[in-house]
Amino acid sequence: DSPAWLGPALRYAGDMYPVWDRLEERLKSDSQFPPTPGKQDTPGFLAGMHARASMIARSLLPLLKFRGDEKISDIAAGAGTWSGLIHKEHPATQLTLLEQPEIFSGMQSFCQNLGLADANFISADYHTHTFAGMEQDVLLYFGALHQEREEDIPALISHFAAGLRPGGRMLIL
C-alpha cells in the first residue's frame, strides 16, 4: 500500500510482454499476434497507470502551483490519480475528468476510491469532444501524448485550448 509501490505497473508491463516478444519475427511472417491486453483490461491497465502516476505526481504537483479554487479538466484522466491528489490538496477545485469510453467505468471506480464522487465525469474520445466554451482555468493532458502522431499534435493542442478561459494554463506531461 506504499505510494512508492510500482507492483501494478510492473505487473501490467508483464502482461504486455507477449505482445512484444519476438516482434521482429512476427512482423516478417504471417503469424498472428496473441490476444493483446489493452485498455479494456481496465483493472490491470488502471492499476498500473495509477501506481506510475502516483510516483510522478507526488514529485511534480508541488511545482504546479494550483490556487485551490480552479476549474480543472483532466483529459485522458486514466485512473484519476492526478485529479485525486489535486482534490486532496485543494478540495474546492472543480474537477472534470474525461476518459475514453473503453475504460470509463473502470476510471469511475478508481475515482470513487480517491474521493472524487463530486467530480464531473465525461466518457468521450478527446479527439472529437467539444472543449470550446468550457472556460477551464487549467487543462491537464498527462501520460497520453505519446499515443498521438507527431503531425497531429498541433491541431490537438489547439482543440484542447478552446476549453481554456483567457489566461488559463494547459499542462502537458
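1. Let's start with the lining of the largest pocket: α3 gives the most to it, with six residues. Helices here are DSSP runs of H or I with at least four residues, strands are runs of E with at least two, and both are numbered from the N terminus. The model is predicted, so local features need pLDDT of at least 70 and side-chain atom pairs count only at pLDDT 80 or more, while totals for chains, interfaces and linings use all residues. Residues are numbered from 1 along each chain as its sequence is written.

2. The largest pocket is lined by 28 residues, and Met 49, Phe 142, Gly 143, Ala 144 and His 146 lie nearest its centre. A pocket is an open set of points on a 1 Å grid over the protein atoms alone, where a 1.4 Å probe fits, with protein on both sides within 12 Å along at least five of seven lines; lining residues have an atom within 4 Å of a point.

3. Now for two backbone angles. Ala 76 is not a glycine, yet its phi is positive, near 60°. You will find Ala 76 in the loop between β1 (71-75) and α4 (81-89). At 12% relative accessibility, Ala 76 counts as buried (under 20% relative accessible area, with exposed over 50% and partly exposed in between, using a 1.4 Å probe and protein chains only).

4. Glu 135 also has a positive phi, about 55°, without being a glycine. Its place is the loop between β3 (120-123) and β4 (136-141), and Glu 135 counts as partly exposed because its relative accessibility is 40%.

Terms used. Side-chain values use heavy atoms; hydrogens and water are left out.
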